[in-house]
Amino acid sequence: MSYMFAQDFALEEVPHFDTRNVTDMVSMFIQCRNLKTVPHFDTSSVTKMNGMLNSCESLVSVPKFDTSKVTSMSSMFSGCTSLTSIPDIDTSSCTDFSWMFEKCTSLTSIPSIDTRRGSEFGNMFDGCTNLTGKVNVVVVEDYPLDPEAPEQSEVIQDAFTSVYSYTST
């Protein structure tokens with residue numbers, strides 16, 4: 001289903017259809033600028049959601065997807081400028097979080113995100129200028145930080161590029 005509705009600028013809503021055997025939703029709705037909502041799909045087999053909703057500027061809500069097998073969420077919500085919050089998502093299998101919420105300028109809160117398996121965090125919250133309150137990102141506890149490799153903490157800090165108001169735990 002990769003790129004299935006890509007750049008469909010007229011698309012405002014998506015009909016429900018069977019996705020139970022789909023494993024790849026990469027950029028499925030990329031640049032669907034007028035898309036306001038998506039239905040709850042069966043995503044229990046999906047492993048890749050990178051770019052899935054990238055640049056869906058009118059998207060105001062997202063259903064709770066089963067993301068337990070997803071390994072890449074890079075740019076998943078990037079550019080969703082009307083999105084104010086997202087539901088809880090299981091990120092326990094995800095390794096790539098880069099650009100995940102980049103330019104989500106209306107996003108005010110996010111649920112807890114388990115990033116213990118993560119290796120890519122660059123610009124995860126870049127441009128999230130309205131993100132306030134507590135950002136509960138599990139990275140330090142049980143994270144194999146190497147005292148001889150200070151760049152690891154720089155990678156984690158890079159996730160918060162251009163976030164102006166937040167409290168990390």
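A: From the N terminus on, the elements run β-β-β-α-β, which gives one helix and four strands in the protein. The model is predicted, with an average pLDDT of 84 and 78% of the residues scoring at least 70. Confidence is highest in strand β1 (residues 113–114), at a mean of 86, and lowest in strand β4 (residues 167–168), at 46. Residues 164–169 have a pLDDT below 50, and this stretch has 15 contacts in the model beyond near neighbours in sequence.

Serine 74 counts as buried because its relative accessibility is 13%, and the cut-off for buried is under 20%. Its side chain reaches the backbone oxygen of serine 98 at 3.1 Å.

For the chain as a whole, buried residues make up 46% of the 169 residues. Of the contacts with a separation of 6 or more, 51% are between residues 24 or more positions apart. The protein exposes about 8000 Å², and carbon and sulfur atoms supply 47% of that area.

Methods
Residues are numbered from 1 along each chain as its sequence is written. This is a predicted model: local features need pLDDT of at least 70, side-chain atom pairs count only at pLDDT 80 or more; totals for chains, interfaces and linings use all residues. Side-chain values use heavy atoms; hydrogens and water are left out. Helices (H or I, at least four residues) and strands (E, at least two) are DSSP runs, numbered from the N terminus. Buried means under 20% relative accessible area, exposed over 50%, partly exposed in between (1.4 Å probe, protein chains only). Contact means heavy atoms within 4.5 Å. Accessible areas come from the Shrake-Rupley method with a 1.4 Å probe; for residues, only the protein chains shown count as cover. pLDDT is the predictor's confidence in each residue, from 0 to 100. A polar contact is a pair of N or O atoms within 3.5 Å; within protein, one must be able to donate a hydrogen and the other to accept it, and residues adjacent in sequence count only if both atoms are side-chain atoms.
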